[in-house]
Amino acid sequence: MQKFPALTSVIGASLVLASLPAAAQTGPELLEQIKIMRQQLDEQRARVDDLERQLRANGAAPAPAVATATPSELSSLRGTGGAVAAADQAGITPVGAAPAQNQQQQQQQQTQAVAASTLFETPGVLTPKGHAVFEPSVSYSYSSSNRVALVGYTVIPALLIGLLDVREVKNNTTTATATFRYGLTNRIEIEGKVPYVYRSDSTISRELFTGTSQDNVFETSGKAIGDIELAGRYQINDGGVDKPYFIGGLRFKTRTGRDPFQVVTDCQTRCIGQNVTGTGLPLDLPTGSGFYSLQPSLTWLMPSDPAIFFGTFSYTKNFKRDNVYRTVLSGEQESLGEVRPGDVFGFNFGMGLALNEKASFSIGYDHNSVGRTYQGGVVVPGSVRVQLGTLLLGYSYKLNDKRTLSVSVGAGMTRDTPDLSLMMRVPFNL
C-alpha cells in the first residue's frame with residue numbers, strides 16, 4: 001500500500017465496518033463513530049477516484065493501478081468472508097506481480113531482439129559490459145546464370161555472321177566463420193570476424209573463336225581464409241516498450257583473402273584487346289574481394305508486443321587500388337591500371353516474433369545496390385549498377401542460458417542474387 005495510502009484507508013475502514021457487531025450498532029456513541037467513519041470513508045473514496053483519473057490521464061489502466069495489496073492484507077481480506085469477493089472483483093493482487101509481469105515482458109522483447117539479430121549481421125541487443133560472445137557459423141549459397149553473347153553482325157534479323165558465346169555458370173560457396181564480440185560498456189561493443197571460404201564453380205560453354213560445336217565444362221575451385229572484418233557498435237538511446245532502439249555501427253573489411261588479381265587466369269598471353277585465347281576464367285577461385293572497404297550503418301529496433309520490428313541502413317565505401325596486375329597462363333603480368341569498384345548502398349527490414357520463451361521466428365528482406373566499376377577513371381565496358389534482393393526467413397531456439405541455435409534461409413529476388421542461401425549460427429555466451 002505504499003503507492004496508494006488512500007486505498008489502504010478505504011480497505012481498513014471497510015474491514016472495521018464489516019467487523020462491528022450488529023447488536024452494538026444501536027448505541028448512540030457507536031452510531032456517532034460509524035457516522036464519522038463513513039464520512040472519512042467517503043473522503044478516501046473520493047481520493048481514490050482522483051488517483052484513478054490521474055492514472056487514466058497518464059495512459060495507465062485503472063484496474064491494475066489498484067492492484068497493490070500485500071499478501072498479508074489479502075490474507076486478512078480472505079478472513080473476513082464476504083469481503084474477499086469484493087477485493088477480487090476490484091482486481092487486488094499481491095505486490096510484485098506487476099513488476100514481475102513487466103520483467104517477463106522485457107525478457108520476451110530481448111528474445112525477440114535476438115531473433116531479429118539471427119536474420120541479419122547486426123545483433124539486436126549489444127553485449128553487456130565485460131561479457132564476451134563466441135559465435136561460430138556456417139553459410140552456403142548457390143547461384144546459376146546463363147549468358148549468350150553474339151560476336152559478329154547480322155545481314156538480316158534471322159541470319160548471323162559470326163560466333164555465339166553461350167555460357168551456363170553454377171556457383172557454390174561455403175563459408176565457415178568465427179565471430180567474437182566483447183562489451184566494452186553496456187552501450188559499446190566490438191567485434192572481430194574471421195571467415196574461411198571454399199568455392200567451386202562449373203561453367204558449361206563453347207570456347208570463343210574456336211568454332212567448336214561441342215560444349216565444354218570448365219570446373220575450378222578455391223579455398224583459403226577470407227577477408228577479416230572488424231566492427232564496433234554503439235547504442236545511441238534508451239529504448240523500451242513502444243520506443244525504438246537506435247544502434248550505430250562501423251565495419252572495416254580487410255583484404256586478407258586471396259583476391260581476384262592473385263589467381264592465374266586461363267588466357268595464353270592476354271585477356272583483353274586482340275589475340276584473346278582461352279576462356280578468360282580464373283584457374284583458382286579467389287576468396288576475397290581484393291579491396292578495402294568501410295561500412296557505416298544505422299540499425300533500429302521497435303518493440304511492439306508481441307512482435308519486434310527492425311531494420312538497417314548502410315553504405316559501403318570501397319577504396320580503389322592502383323597498379324593492379326593480372327597473371328595469365330604464360331606467367332606474364334597484364335596491367336589493369338587503377339581499379340575502383342562501385343560503392344554499395346544497402347537496407348533491410350523485417351519482423352521478429354517470439355513463439356514462446358525459447359523459440360522465435362523472423363521474416364525480413366535485404367537489398368543491396370552495387371555501383372559500377374571504374375578502370376582508369378572510365379567505366380568498365382559492360383559494368384552496370386546491380387540490384388541484389390533477398391527474402392529471408394529465420395528461426396531461433398534457445399538451447400540453454402548460454403547457447404542459442406539460429407537458422408536462416410534466403411531466396412534470391414533478382415537475377416544477380418544467389419538463388420539460395422543457408423546459414424546456421426550457434427552463439428555462446430562466455
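Predicted model: local features only at pLDDT ≥ 70, side-chain atom pairs only at ≥ 80, totals over all residues.

Colleague: How many helices and strands does the protein chain have?
Modeller: Helices (H or I, at least four residues) and strands (E, at least two) are DSSP runs, numbered from the N terminus. Here the protein chain has 6 helices and 20 strands.

Colleague: And what share of the residues is buried?
Modeller: Buried means under 20% relative accessible area, exposed means over 50%, and partly exposed lies in between (1.4 Å probe, protein chains only). Of the 430 residues in the protein chain, 34% are buried. As for area, the Shrake-Rupley method with a 1.4 Å probe is used, and for residues only the protein chains shown count as cover. The protein chain exposes about 24300 Å², with carbon and sulfur atoms supplying 58% of it.

Colleague: How should I read contacts along the sequence?
Modeller: A contact means heavy atoms within 4.5 Å. Among the contacts in the protein chain with a separation of 6 or more, 63% come from residues 24 or more positions apart.

Colleague: Which strands pair with S3?
Modeller: Two strands pair if DSSP finds at least two bridges between them. S3 (residues 188–205) is joined to strand S4 (residues 216–225) by 10 bridges, and the two run antiparallel. In that pairing, Ser 200 stands opposite Ser 221 in S4. S3 also pairs with strand S5 (residues 229–235), again in the antiparallel sense, over 6 bridges. There, Glu 191 stands opposite Ala 231 in S5.

Colleague: Where does Ile 204 lie?
Modeller: Ile 204 lies in S3 and counts as partly exposed, at 29% relative accessibility. The C-alpha atoms of Ile 204 and Phe 218 are separated by 6.4 Å, although these residues are 14 apart along the chain.

Colleague: What about aromatic pairs; how is one described?
Modeller: A pair of aromatic rings is described by the distance of the centres and the angle of the planes. Rings of Phe, Tyr and Trp (its six-membered ring) pair if their centres lie within 6.5 Å; planes under 30 degrees apart count as stacked, over 60 as edge-to-face and the rest as tilted. By this rule the count here is 7 aromatic pairs. Take Phe 134 and Phe 180: their ring centres are 5.0 Å apart and their planes are at 35°, so the pair is tilted. The pair links distant parts of the chain, with Phe 134 in strand S1 (residues 132–156) and Phe 180 in strand S2 (residues 159–183), 46 residues apart. Phe 134 is partly exposed at 25% relative accessibility, and Phe 180 is partly exposed at 44%.

Colleague: Is the pair of Phe 252 and Tyr 292 stacked or edge-to-face?
Modeller: That pair is stacked, at 5.9 Å centre to centre with 10° between the planes. Phe 252 lies in strand S6 (residues 245–253) and Tyr 292 in the loop between strand S8 (278–282) and strand S9 (293–304), so the pair ties together parts that are 40 residues apart in sequence. Phe 252 is partly exposed, with a relative accessible area of 31%, and so is Tyr 292, at 36%. Elsewhere, Phe 345, Phe 347, Phe 349 and Tyr 365 form one aromatic cluster.

Colleague: Which residues does Thr 254 contact?
Modeller: Thr 254 sits in the loop between S6 and strand S7 (264–267) and is buried, with a relative accessible area of 14%. Leaving aside neighbours within four places in sequence, Thr 254 is in contact with Asp 227, Ile 228, Phe 291 and Tyr 292. A polar atom of the Thr 254 side chain lies 2.8 Å from the backbone oxygen of Ile 228.

Colleague: And is Ala 359 buried or exposed?
Modeller: Ala 359, in strand S14 (residues 359–370), counts as buried at 4% relative accessibility. Beyond neighbours within four places in sequence, Ala 359 is in contact with Ala 354, Tyr 395, Ser 396 and Tyr 397.

Notes: Residues numbered from 1 in each chain as written. Heavy atoms only, no water. Polar contact = N/O pair within 3.5 Å; in protein donor to acceptor, adjacent residues only side chain to side chain.
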